[in-house]
Number of protein chains: 2
Amino acid sequence: MRSVAGHENPPHSTSLTFRITNVRGCRYHTHMNVSSKPERTRLSAEDWELAALQLIAEQGVGALAVEALARQLGVTKGSFYWHFRTREALLHAALERWEQYGEREVLGQIEQITDPRKRLPELFRRVAHELQPHRVYAALLKALDHPQVVPVMARVSQRRMEFLTTAYREAGLPPGEALNRARLTYAAYVGFLQLNFTLGLPRINLEEFDAYVEHMIATLIPA
Amino acid sequence: MRSVAGHENPPHSTSLTFRITNVRGCRYHTHMNVSSKPERTRLSAEDWELAALQLIAEQGVGALAVEALARQLGVTKGSFYWHFRTREALLHAALERWEQYGEREVLGQIEQITDPRKRLPELFRRVAHELQPHRVYAALLKALDHPQVVPVMARVSQRRMEFLTTAYREAGLPPGEALNRARLTYAAYVGFLQLNFTLGLPRINLEEFDAYVEHMIATLIPA
DNA sequence: CGTTTACCATACGGAAGAGTATGGATTGCC
DNA sequence: GGCAATCCATACTCTTCCGTATGGTAAACG
């Protein structure tokens, strides 16, 4: 007889055994139909979290439904409710995972650039051309009414803003201006995410996009 | 005997008798509970559209439910489905109303400024200090996955972008730079909306905010 | 003043999705 | 091989919300 509100021995323990790479390949089917079960091994909580993040990136937080996710993974709800106590718990775990791993990819490489003058232009160009890892961020930006994503986004945005502020200071701006310039830069980044691969506003092509990025660099970064 | 899919004589006709001011005051209760019926006159389709826009501004497009709206207006669904054929029709009407009336307030005043050099700074300062009419736009920005809002936002953003582009040209920028500067400016505007009254990111106070606006003007507008 | 029109309440049907209960299948371990 | 832990399927319940059907009430109008 199971306990009323929970499992007897569920892996809900926020296990610190992080496996970054996936053990099973079953999270790369972007649009697989039902009756396509690529690998019918068992699932882990991590699989659910990664699939949740992928679904969030593609269709937004509002589309995160457990039965839809189960269909996509080739199982039913019964599997889900063994790994997670509730849908809210899955969202929490997925957001936590994203906050911990999804960051270092961009900011980690930039910190290795020693010359402070070269750092900001390189950051701009890299972010502009590697927009794929920012799709989750863009999706979460549209879910800021959701109480669970607000603190996560506040922390992430705060960290990025601080990074930008110190970068502008090291580039020669006085502290007050560096903070305001960081605000302006980050707002431009966020707005660009919204206007482009959620709305497809100017439907800009590649060479024109490069010109826009260089215009941004020339306008925002002090010589 | 009513027709199967529609009403006999419903005011669905997109009536061109525009009444901008509300006839009845019953759309200003931001959080009134049930059992508070301020004025129990009858409702019109316009009342529903205005209430829908207010609800969208406060809680987003996803919160636009007909039974919730009916509760807020002190009636039941029976009223709603007399005025509108479906929920989708209400959203369409509300968006159309917003697109037609919600614009001229800002851009109309700016166009009366004759000096092209003074126009952009004045636009920046006004938009920064009258953020209230932009709450619907911010809410719609978070609903860009919704198929109904995409064309509306595309049109509105396109018009604003073109306005910005010509303003920058009249301020002395060459055409290519004017377009890119308009992109940058509008992205900063959109990002600022997201980061501030959806996320409350830097929780900036008033005098610091004024300094930020002046910094924006100094950075983005050519001397 | 009564009839028509406009507006609303009540009650229902149905779909979608969260969460529960429970038994079955599979894996790891002794 | 057998037992226990792990993972999943099936079959429910409950809630929410869209939409329909239909009768009722208040306003408009002759």
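Student: How many residues does the contact take from chain A and from chain B?
Tutor: This is a predicted model. Contact here means heavy atoms within 4.5 Å. By that rule, chain A gives 37 residues and chain B gives 37 residues.

Student: What share of the area buried between chain A and chain B do carbon and sulfur atoms give?
Tutor: The area buried between chain A and chain B is about 3100 Å². Carbon and sulfur atoms give their part of that area, namely 68%.

Student: How many salt bridges are there between chain A and chain B, and which side chains meet in one of them?
Tutor: Side chains of opposite charge can pair when their charged atoms come close. Between chain A and chain B the count is 2 salt bridges. In one of them the N to O distance is 3.2 Å, and the side chains are those of A:R183 and B:E208.

Student: Which helix gives the largest share of the side of chain A that touches chain B?
Tutor: Three helices of chain A each supply at least two residues of that side: α8 (149-170), α9 (175-197) and α10 (206-220). The largest share is 14 residues. That share comes from α9(A).

Student: How does the side of chain A that touches chain B divide by class?
Tutor: Charged residues number 6 on this side of chain A, and polar residues number 9. The remaining class is nonpolar, with 22 residues.

Student: Why does the salt bridge of A:E214 and A:R125 tie together parts that are apart in sequence, and how many residues apart are they?
Tutor: The side chains of A:E214 and A:R125 meet in a salt bridge at 2.8 Å, N to O. A:E214 lies in helix α10 of chain A, while A:R125 lies in helix α6 (residues 116-129) of chain A, so the pair joins parts whose separation in sequence is 89 residues.

Student: How many residues surround DNA strand D, and which are the closest?
Tutor: A residue counts if one of its heavy atoms lies within 4 Å of the strand. On that basis, 22 residues surround DNA strand D. By class they are 8 nonpolar, 7 polar and 7 charged. The closest are A:L43, A:T76, A:S79, B:K77 and B:T86.

Student: Which helix gives the most to the surface near DNA strand D?
Tutor: Both chains take part, with α3 (77-83) of chain A and α2 (66-73) and α3 (77-83) of chain B each supplying at least two residues. The top contribution is 4 residues, and it comes from α3(A).

Student: Which residue has a polar backbone atom 2.4 Å from a phosphate oxygen of DNA strand D?
Tutor: Of the atoms of DNA strand D within 4 Å of the protein, 60% belong to sugar or phosphate. The side chain of A:R42 has an N or O atom 2.9 Å from a sugar or linking oxygen. B:R87 places a backbone N or O atom 2.9 Å from a phosphate oxygen. The residue at 2.4 Å is A:T76.

Terms used:
Residues numbered from 1 in each chain as written. Chains lettered and ligands numbered in written order. Predicted model: local features only at pLDDT ≥ 70, side-chain atom pairs only at ≥ 80, totals over all residues. Heavy atoms only, no water. Polar contact = N/O pair within 3.5 Å; in protein donor to acceptor, adjacent residues only side chain to side chain. Nonpolar A, V, L, I, M, F, W, Y, C, P; charged D, E, K, R; others polar. Buried area = accessible area lost by both parts, 1.4 Å probe. Salt bridge = Lys/Arg side-chain N within 4 Å of Asp/Glu carboxyl O.
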